[in-house]
Amino acid sequence: MLKMNGISKSFGRLHANENVDLIVEYGEIHGLLGENGAGKSTLMNILFGLLQPDSGTIEVDGKIVKINSPKEALELGIGMVHQHFQLVPTLTVAENLTLTTPGPMLQLDLQKISDYISEISQKYDLEVNPSARISDLSVGQQQRVEIIKLLFRNAKIIVLDEPTAVLTPSEWQRFTPFLKRLTEEGRSIVFISHKLDEQFDASNSCTVLRHGKSIGTRVMAETDKDDLVEMMVGKTLAVAEVRQTIASDAETLLKMSHVSTRSAIGRVGLQDISLNVKSGEILGIAGVDGNGQDEIVDVLLGLLDMLSGNVELRGVCSTAMSPSKWRELGGALVTADRHTTGVALQLDLADNLLVTERHNPELVRLGAFSKAAVERHVTDQLNSFDVRGAQPNVTMAQLSGGNQQKLVLAREMNREIDILIAAQPIRGLDIGAAQTVHDRILQHRNNGGATILISTELDELIKLSDRIVVLSGGCIVGQINNDESFNFDELAGLMAGGNAT
Amino acid sequence: MTPFDEAWLVATIAIMAPLLLAATGEVVSQKSGVLNVGLEGFMLTGAFFGLLGAASLDGSIAGGLFVGVVAGMAIAAIMATATVAFQADQVVIGVGINLLALGVTGFLFDEVASDIAITQLHSASIPFLSDLPFVGSVLFSQKVTVYIVLVIVSAVWWCLYRTKLGITIRGSGDYPSAVDTAGYNVTRVRFFCVLFAGAAAGGAGAMLSVAEVGIFQDGMVNGRGFLALAAVILGRWHPFGVLAAVALFAGADALQLRLQAQGSISASVWFITLSVGGFLALSGIRKKAILQAIFGGSLFIASLTVLLIGLQVIVPFQLWRALPFLLTLIVLLFFSSSVKAPAYLTVHFRRKQ
Amino acid sequence: MISRRHQISSQVVSVSAPLLIVFLALAMGLLAVLLAGKSPVDAVEAIYKGAFGNTRSISSTISRMVPMCLVALGWIIAFSTKRVSIGFEGQIIAGGAAAAYVGLTLNGLPAFVHLPLALIAAVLAGGFWVALPTFMWARRGVHEIITTLLMNLIALEMISWLVRGPLQEASGTFARTDPISANSTWPTIIDGTRLHWDALMVLVLIVTVAYVLKKTTFGLALRFVGANPVAACYQGLNSTRISVGALLASGGFAGLAGSSLILAQPTSTMSATFSGGYGYEGIVVALLARNNPYAVIPVAFLFATLRQGSGLLEAKVGVSSAIVTVIMGVIVIGVSVGVLLAEKFNKQQIAEAAK
């Protein structure tokens with residue numbers, strides 16, 4: 001039904017797809033498996049006409065086609081349900097559907113569309129009311145509306161991009177049979193998900209991508225988790241750093257006990273999170289983005305209210321915490337998404353470095369920054385992490401991503417700190433820079449500092465952490481000690497959504 | 001003697017018409033995501049060129065109105081090009097438009113057209129219906145322009161809520177990405193809506209000069225453009241809500257004119273403030289909104305006191321003129337959670353790659 | 001990395017684009033004069049004479065710059081935290097009325113007390129006039145564009161009432177106040193001219209604001225909150241509190257502008273129209289100055305020249321002074337679009353150079 005042959009696509013030096021093959025049969029649910037950044041989104045954007053491949057062909061129904069826009073893709077019967085739904089919240093389901101139907105502007109046949117929606121909803125037991133407003137629907141229902149949109153346009157190939165990110169477990173249970181019923185009528189589904197359990201639940205076969213290449217295709221009935229995990233992650237070559245044994249009387253610097261938070265739109269609720277970090281210890285938090293990492297950071301900084309539980313800093317219950325107090329108490333934070341939470345892109349490097357130094361008596365006199373002291377400080381900071389392309393009045397946006405991250409690290413780590421939260425610290429950095437960062441983290445550890453390392457990169461976690469906890473859906477699903485008993489497959493299995501055995 | 005009589009209603013509806021037309025046009029524009037701070041300028045342009053057109057066409061009212069509409073569209077085209085096409089800031093350009101309109105009309109008025117006058121439009125009388133008691137004079141003996149405006153308002157409602165065009169427009173203001181993904185050109189939709197607002201406001205301005213008084217004066221628009229903006233907000237961006245808001249403003253305006261003649265405020269007015277105060281206080285208590293409850297309560301008590309004592313309060317007419325703005329502020333202050341502007345109002349649409 | 005050459009050329013484009021537009025707008029204005037049957041040369045001469053003809057007119061031009069600069073500073077402060085308050089006209093009215101009240105009532109005070117009191121009253125009144133919109137933004141999330149605009153319109157009605165009601169002159173003939181005690185007005189720098197010491201105050205304020213924004217920790221806090229309020233939060237700044245402070249301060253500046261319009265003018269009474277659109281022009285000045293406090297001075301100078309010169313334009317040449325308003329409108333629209341186009345051009349150049 002659908003064949004993508006030898007697709008390659010590069011963005012500058014980044015090879016998003018390298019010679020990728022994908023074959024989807026009629027009436028099949030075909031999974032696309034891979035870690036973040038493996039190339040799944042790029043491949044699908046090419047299929048959907050948002051990007052053009054550098055090389056390779058696409059065949060639909062045996063004919064080679066060129067897809068130049070989402071419109072053309074739809075005409076060929078290829079439809080995609082994006083992670084961010086393309087639904088207008090204030091309009092009803094039926095009204096949203098009319099947006100995608102061709103027809104004269106000055107007319108509206110809401111009745112016909114409403115009837116169709118009711119019909120489909122009945123047929124597949126979807127419980128979607130055509131006159132319901134999108135903003136009143138649950139996220140799961142909204143997703144079903146998106147699928148109905150595609151059915152209305154007679155889509156034969158439906159691509160689902162991480163559909164379960166927004167579904168509750170019970171919604172997921174009803175989702176799989178729905179998908180299977182869709183394929184009974186000859187449709188094919190491409191099911192993108194990094195969660196192994198779901199692939200085994202839903203897909204007939206799946207293709208694994210890693211670092212832009214297609215590693216292989218397996219029929220689900222003929223393979224097992226270990227096989228897929230190995231394909232997804234590859235044998236790790238990371239060698240754990242020489243580990244200092246943590247003194248048994250090392251002070252517990254940070255402790256979270258039974259912390260729970262409320263869940264909301266765009267926020268995962270933490271459920272009974274307990275963890276602690278000792279002096280000289282690196283605690284790794286593993287897990288795919290969006291499983292509670294941001295929420296843990298926010299709780300520690302006092303930006304998110306707890307429903308229950310408490311946080312202790314050095315044995316003292318921390319109430320009324322705030323980001324400034326966190327810094328005062330010796331905390332440092334390297335955020336996961338520096339563009340949103342770390343830096344101001346339109347300001348210059350000096351501004352971004354000095355924003356946390358407003359009360360530093362060495363740099364500030366009578367409320368104003370001393371020019372000479374500031375210049376020295378900024379130069380020192382930039383040099384300490386080898387930030388390239390930097391004169392102080394260059395704006396942040398003009399630096400490369402890697403250099404931006406280095407600046408943030410300089411700001412956070414070049415002072416006396418006790419507890420470091422490092423979230424995705426080497427994201428976007430080249431190998432040399434990443435090494436520098438890791439060296440600094442180890443230095444911090446050697447000086448008796450505690451570190452919480454949040455990362456999606458298994459290599460990094462294995463290299464640095466003393467212990468690794470795995471976060472999934474707001475809960476800690478398992479903890480592994482990074483010592484002689486360490487079992488890589490166990491870790492990978494936990495991350496792929498299973499439960500600790 | 002209550003001022004809320006037949007004459008008051010007739011005046012209300014007459015005052016409503018131009019304001020309603022401008023506000024309805026602005027609803028369409030804001031629904032698609034564009035805020036026209038320059039609405040006053042649109043109306044002024046329509047007022048001036050409409051009159052000029054009417055005079056050049058031998059005093060033709062219809063001709064004047066038509067020219068006003070076209071002039072409004074022309075200046076709106078400047079706004080649309082600058083903000084929608086080039087994505088300049090909507091508020092800044094709006095201020096510029098007001099200056100431009102003020103300057104151009106003022107300049108041409110001084111240089112070219114100081115003493116143009118035509119005979120203004122007279123009220124029409126719909127046969128049979130205008131002979132009905134009360135309703136006859138209020139509803140069926142207005143100027144033709146009033147009926148035209150009511151037809152336009154209904155047409156706009158129908159278009160926004162019963163056609164695909166309307167859905168596209170509403171989508172452009174609430175979530176343009178979905179409209180773009182569906183294959184429509186958000187820029188084009190917004191451009192069209194701004195032009196429509198210009199046409200409506202231009203027509204409204206022309207109504208003021210051509211149909212109402214037959215001359216042009218400096219400052220004749222007199223803040224109506226801003227009043228229309230307030231009405232759009234108060235009316236919650238819905239044509240019928242705006243109709244109610246404009247009716248409220250016009251009613252207050254007509255009332256103010258009557259009261260200036262009468263002297264002091266009659267009891268019936270205080271009954272209204274009493275009920276408004278009571279309503280605010282009760283809903284404030286229910287919502288646990290302290291500020292609102294206190295405000296409503298004070299208003300209630302004050303009105304009650306005035307009524308019981310029989311106090312003759314003289315309220316400066318400026319308070320009446322400020323009343324629409326105060327009302328809008330109060331609604332925004334106490335009911336902001338339910339007053340939802342189109343989510344992407346004043347937000348330029350850029351396709352994310 | 002952007003080469004030095006590209007940096008310079010993009011600066012050149014950024015600066016010359018608005019200048020070019022201003023020049024074109026002026027040329028267009030002169031064309032209109034020509035089409036109206038009058039001589040453009042006479043028009044230019046009239047504007048020149050009106051603005052710079054003698055000491056008196058020069059001082060008037062400079063004195064017009066004062067409220068423009070103050071409003072522009074207020075805008076710059078508020079906008080550094082990305083708040084878009086357009087309520088300066090209303091705040092001018094509130095500030096001016098407060099200053100007039102102090103000037104009219106508290107008699108018998110020595111000048112060095114009376115004037116500062118009037119100024120303080122004006123600053124507080126201006127801050128008060130933006131307080132409600134500020135509250136509604138901070139606590140209810142209502143966009144300040146709408147609320148400050150409404151406050152402007154209310155203020156216009158309020159001043160109309162004040163000068164016909166409680167503050168009206170004793171004789172009750174005209175819609176204006178009694179003469180304000182000379183004790184509370186700004187002394188002139190050069191006698192017989194319209195140049196008062198408030199011009200010096202404005203100069204000091206410009207330097208202060210520029211300094212605070214660029215060099216102080218407070219200024220950095222303001223700018224960081226404006227650039228990325230979420231990141232500011234994570235770096236320990238209270239974004240809401242800082243924005244509120246900026247808005248209130250901007251109201252204070254506008255109030256001060258109002259006080260200058262009352263206490264530093266040749267006529268000693270307050271009328272209903274004293275705010276004269278300065279509240280909106282100040283915004284335009286700030287935008288054209290690209291939010292740079294020092295650049296405000298030349299831009300305000302341009303606008304003040306046009307304003308002051310337009311008076312003579314009508315009297316001497318017989319051309320409607322409305323042409324100046326047209327020119328200003330064209331400048332606003334033209335420069336806004338021009339700046340965007342220049343930026344686009346610059347970006348393209350950089351992108352091509354990177355290839």
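This is a predicted model: local features need pLDDT of at least 70, side-chain atom pairs count only at pLDDT 80 or more; totals for chains, interfaces and linings use all residues.
**Notebook: cores and chain contacts**

Started at V285(C): leaving out anything up to four places away in sequence, I find V285(C) touching M68(C), A72(C), V296(C), V299(C), A300(C) and F303(C).

Next I looked up the core around it. V285(C) is among the residues that touch the most other members of the largest nonpolar core, which has 362 residues. A72(C), one of the contacts of V285(C), is on that list too, along with L19(B), A231(B), V246(B), C69(C) and V71(C). Which helix gives the largest share of this core? I get helix α9 of chain B, residues 186-213, with 18 residues. There is also a second, separate core of five residues, and I noted L280(B), A281(B), F300(B) and F334(B) among them.

Then the C and B pair. I have 37 residues of chain C in contact with 35 residues of chain B. On the chain C side, α5 (111-140), α6 (144-162), α11 (278-288) and α13 (322-354) give two or more residues each.

Last, the A and B pair. Here the contact takes 17 residues from chain A and 16 from chain B. On the chain A side, α2 (70-75) and α3 (93-99) each supply at least two residues, and α3(A) gives the most, with three. The classes on that side of chain A come out as nine nonpolar, six polar and two charged residues.

Conventions:
Residues are numbered from 1 along each chain as its sequence is written. Chains are lettered from A and ligands numbered from 1 in the order in which they are written. Two residues are in contact if their C-beta atoms, placed from the backbone, lie within 7 Å. Helices (H or I, at least four residues) and strands (E, at least two) are DSSP runs, numbered from the N terminus. Ala, Val, Leu, Ile, Met, Phe, Trp, Tyr, Cys and Pro count as nonpolar, Asp, Glu, Lys and Arg as charged, and the others, Gly among them, as polar. A nonpolar core is a set of buried Ala, Val, Leu, Ile, Met, Phe, Trp, Tyr and Cys residues joined through C-beta atoms within 7 Å. A residue is buried if 20 or more other C-beta atoms lie within 10 Å of its own, exposed if 12 or fewer, and partly exposed in between; C-beta atoms are placed from the backbone.
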